[in-house]
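Hello,

Please have a look at it first, and then read on for what was found.

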Amino acid sequence: MADRATEEFVTHRNLLFTVAYELLGSAADAEDVLQETWLRWAGVDLDEVRDRRAYLVRITTRQALSRLRALGRRKESYVGSWLPEPLLTAPDVADDVALADSVSMAMLLVLETLTPTERAVFVLREVFDVGYDEIAETVDRSPATVRQIAHRARAHVSARRPRRTVSPTETRDALDAFRRAVETGDLRSLLTVLAADVVLVGDGGGIKQAIPRPVTGADKVARLLAGGWGRVAGPASMELAQVNGYPALVVRLDGELDTVIAVRLDDGRISGLYAVRNPEKLSHMTRETTLSRRATMPG
């Protein structure tokens, strides 16, 4: 029985991690949720489980919801701005456009504006195509109520997400232009690539220096970035990497990973810059994380 339980769990592990990560925005917390899910799954009589994928997703979602509420309390005492934990993702994540869009830094920040229950309903329905009856059982609501929550969450997200899905090529081109402008201190070129109402958010977690609150406006952001890069002491580089399904910039100082910069694009210009410096959030940038909306057969 233990071998069967292990095989089923391994088959669904990437899917379950993706569910937990989309609900939490934290890879470390998602890993903890998977540990809790395994402990509960190991005690289940598999012969009594009709749909094992649904059962595992239900356990994972419930554990993630409990942790999400606790995470909300932790964020209240977080030093500075809180950003999701960036993941170095495998290239095939970009091939699943819906998945890449759902785990992008921009979308995870939109999901942060939902209540925990709204977030769970939206993610399960819109990303993983879970039926309303199954979601209702998971979040302990009636199917009719879940449909109302889904409608409300969908409208909320639609009003705040990027106006259209952006291709990795568009993102890469914008980042290339942005990188060249920052490295050369070319303010004119920076202003060309930044949206007028661009927002720069930095997350140092009180461990690394970061801007204490978001900076808004192309002129302010451009001057801050160009001036800051010019004051960096020692060897520094910016290189492209696949982060949360989209191209992003990885900043290295003296050869060491220092910052991950993800972006949001609207109408071809960068409208959001999200710079994660908190070293506790950069551990998943050393190896690729496999994300999936489907079960994966082992081996």
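Where is the place of Asp267? Asp267 sits in the loop between strand S5 (256–266) and strand S6 (269–276). Helices (H or I, at least four residues) and strands (E, at least two) are DSSP runs, numbered from the N terminus.

Before going further, two notes on how to read this. This is a predicted model, in which local features need pLDDT of at least 70 and side-chain atom pairs count only at pLDDT 80 or more, while totals for chains, interfaces and linings use all residues. Residues are numbered from 1 along each chain as its sequence is written, and side-chain values use heavy atoms, with hydrogens and water left out.

Phi of Asp267 is near 55 degrees, a positive value in a residue other than glycine. Asp267 counts as exposed because its relative accessibility is 60% (buried means under 20% relative accessible area, exposed over 50%, partly exposed in between, with a 1.4 Å probe and protein chains only). Asp129, in the loop between helix H6 (116–127) and H7, also has a positive phi, near 55 degrees. Asp129 is exposed too, at 60% relative accessibility.

Next, the empty spaces. Rolling a probe the size of a water molecule over the atoms shows where empty space is left. On a 1 Å grid over the protein atoms alone, a cavity is a set of points where a 1.4 Å probe fits but cannot get out, and a pocket is an open set with protein on both sides within 12 Å along at least five of seven lines; lining residues have an atom within 4 Å of a point. Grid points are joined across faces, edges and corners, and a volume is the space filled by probe spheres set on the points.

The structure holds one cavity of 30 Å³ or more, and the largest cavity has a volume of about 50 Å³. Asp267 turns up again in its lining, together with Arg163, Arg164, Val166, Glu170, Leu265, Asp266 and Gly268. That lining divides into two nonpolar, one polar and five charged residues (Ala, Val, Leu, Ile, Met, Phe, Trp, Tyr, Cys and Pro count as nonpolar, Asp, Glu, Lys and Arg as charged, and the others, Gly among them, as polar).

The largest pocket holds about 720 Å³ of space. Of its 22 lining residues, Gln209, Leu225, Gly228, Thr259 and Arg277 lie nearest its centre. Helix H11 (218–230) gives the largest share of the lining, four residues. By type, the pocket lining has 15 nonpolar, four polar and three charged residues.

Ile270 is in strand S6 and counts as buried, at 0% relative accessibility. Leaving aside neighbours within four places in sequence, Ile270 is in contact (heavy atoms within 4.5 Å) with residues including Ala174, Phe178, Val198 and Leu265. Leu257, in strand S5, is partly exposed, with a relative accessible area of 25%. Beyond neighbours within four places in sequence, Leu257 is in contact with Val250, Val251, Arg252, Leu282 and Met285. Leu257 and Ser283 are 26 residues apart in sequence and 9.9 Å apart in space, C-alpha to C-alpha.

Enjoy exploring!
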